[in-house]
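Biologist: I have a protein model open and I am new to this. Could you show me how to read its features one by one?

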Amino acid sequence: MSTSNTSGAWQRIAVFEIDADAPIVDDLRGNAPDSRHLVIPARESPPGLRWYEIYVDFGIGEVLAIRLAQAQVQAVQRWATAGLMPGFRLVSGHEWLTADGTRPRPDWRLDRVSGARDLN
């Protein structure tokens with residue numbers, strides 16, 4: 001992951017799971033040098049599953065970052081609905097689907113989900 005073109009304000013906004021034998025989700029990762037979102041494999045996943053974490057760079061401004069967070073969670077759901085991610089389940093991040101341009105709730109950070117911290 002490259003955060004050289006950002007302010008270092010990367011924050012995890014969602015975690016989702018797929019079957020462990022499902023194809024790797026490379027097309028969602030956004031790993032271009034100027035990308036403002038990333039989808040990366042979680043450090044740990046439950047047996048038989050593979051967890052991914054979605055990060056957004058809030059250094060682009062809060063309103064734009066919130067819109068990007070919504071778009072990323074919706075994109076993951078569309079891929080799952082199309083059958084591209086067998087066993088898909090959104091583990092955390094449901095609140096981004098209904099966010100209205102503001103952070104979904106005061107305690108929205110997801111550090112408790114897998115023990116990971118923001119990328120900063």
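Modeller: We will go through confidence, layout, the helix, the core and the charged pairs. This is a predicted model, so local features need pLDDT of at least 70, side-chain atom pairs count only at pLDDT 80 or more, and totals for chains, interfaces and linings use all residues. Residues are numbered from 1 along each chain as its sequence is written, and side-chain values use heavy atoms, with hydrogens and water left out.

Biologist: What is the mean pLDDT of the protein chain?

Modeller: pLDDT is the predictor's confidence in each residue, from 0 to 100. Here the mean is 76, and 68% of residues reach 70 or more.

Biologist: Where is confidence lowest, and where is it highest?

Modeller: It is lowest in helix α2 (residues 111-114), with a mean of 40. It is highest in β1, at 92. Residues 1-6 stay under 50, and the model gives them ten contacts beyond four places in sequence. A contact means heavy atoms within 4.5 Å. Residues 106-120 are also below 50, and that stretch has 44 contacts beyond near neighbours in sequence.

Biologist: How many helices and strands does the protein chain have?

Modeller: Both are DSSP runs, numbered from the N terminus: helices are H or I with at least four residues, strands are E with at least two. The protein chain has two helices and four strands. Read along the sequence, the pattern is β-β-β-α-β-α. Contacts also reach across the sequence. Of those with a separation of 6 or more, 68% join residues 24 or more positions apart.

Biologist: What span should helix α1 have?

Modeller: The expected span of a helix is 1.5 Å times one less than its number of residues. Helix α1 covers residues 62-81, which is 20 residues, so it should span 28 Å. Its end C-alpha atoms are 29 Å apart, which agrees. Just after α1, glycine 83 takes a positive phi of about 85°.

Biologist: Which residues of α1 are buried?

Modeller: Start with the general idea. An α-helix has 3.6 residues a turn, so residues three or four places apart point the same way. Next, the cut-offs: buried means under 20% relative accessible area, exposed means over 50%, and partly exposed lies in between (1.4 Å probe, protein chains only). The buried residues of α1 include Ala65, Ile66, Leu68, Ala69, Gln72, Val73 and Val76. Their cover includes β1 (10-19), β2 (37-41), β3 (49-57) and β4 (89-92). Over the protein chain, buried residues make up 43% of the 120 residues.

Biologist: Which residues touch the most other members of the largest nonpolar core?

Modeller: A nonpolar core is a set of buried Ala, Val, Leu, Ile, Met, Phe, Trp, Tyr and Cys residues joined through side-chain atoms within 4.5 Å. The largest one has 21 residues. Ile13, Phe16, Ile54, Val56, Phe58 and Trp96 touch the most other members. β1, β3 and α1 each supply at least two residues of this core. The largest share, seven residues, comes from α1.

Biologist: How many salt bridges are there?

Modeller: Side chains of opposite charge can pair when their charged atoms come close. The rule for a salt bridge is a side-chain nitrogen of Lys or Arg within 4 Å of a carboxyl oxygen of Asp or Glu. The count comes to three.

Biologist: What does the salt bridge of arginine 12 with glutamate 53 tie together?

Modeller: The closest N and O atoms of arginine 12 and glutamate 53 are 2.7 Å apart. Arginine 12 lies in strand β1 and glutamate 53 in strand β3, so the pair ties together parts 41 residues apart in sequence. Arginine 12 is buried, at 1% relative accessibility. Glutamate 53 is buried too, at 4%.

Biologist: Is arginine 89 buried or partly exposed?

Modeller: Arginine 89 is partly exposed, with a relative accessible area of 42%. Its salt bridge partner is glutamate 17, at 3.0 Å from N to O. Arginine 89 is in strand β4 and glutamate 17 in strand β1, 72 residues apart. Glutamate 17 is buried, at 7%.

Biologist: Where do aspartate 57 and arginine 36 lie?

Modeller: Their side chains meet in a salt bridge at 3.4 Å, N to O. Aspartate 57 is in strand β3, and arginine 36 is in the loop between β1 and β2. Aspartate 57 is buried at 0%, whereas arginine 36 is partly exposed at 28%.
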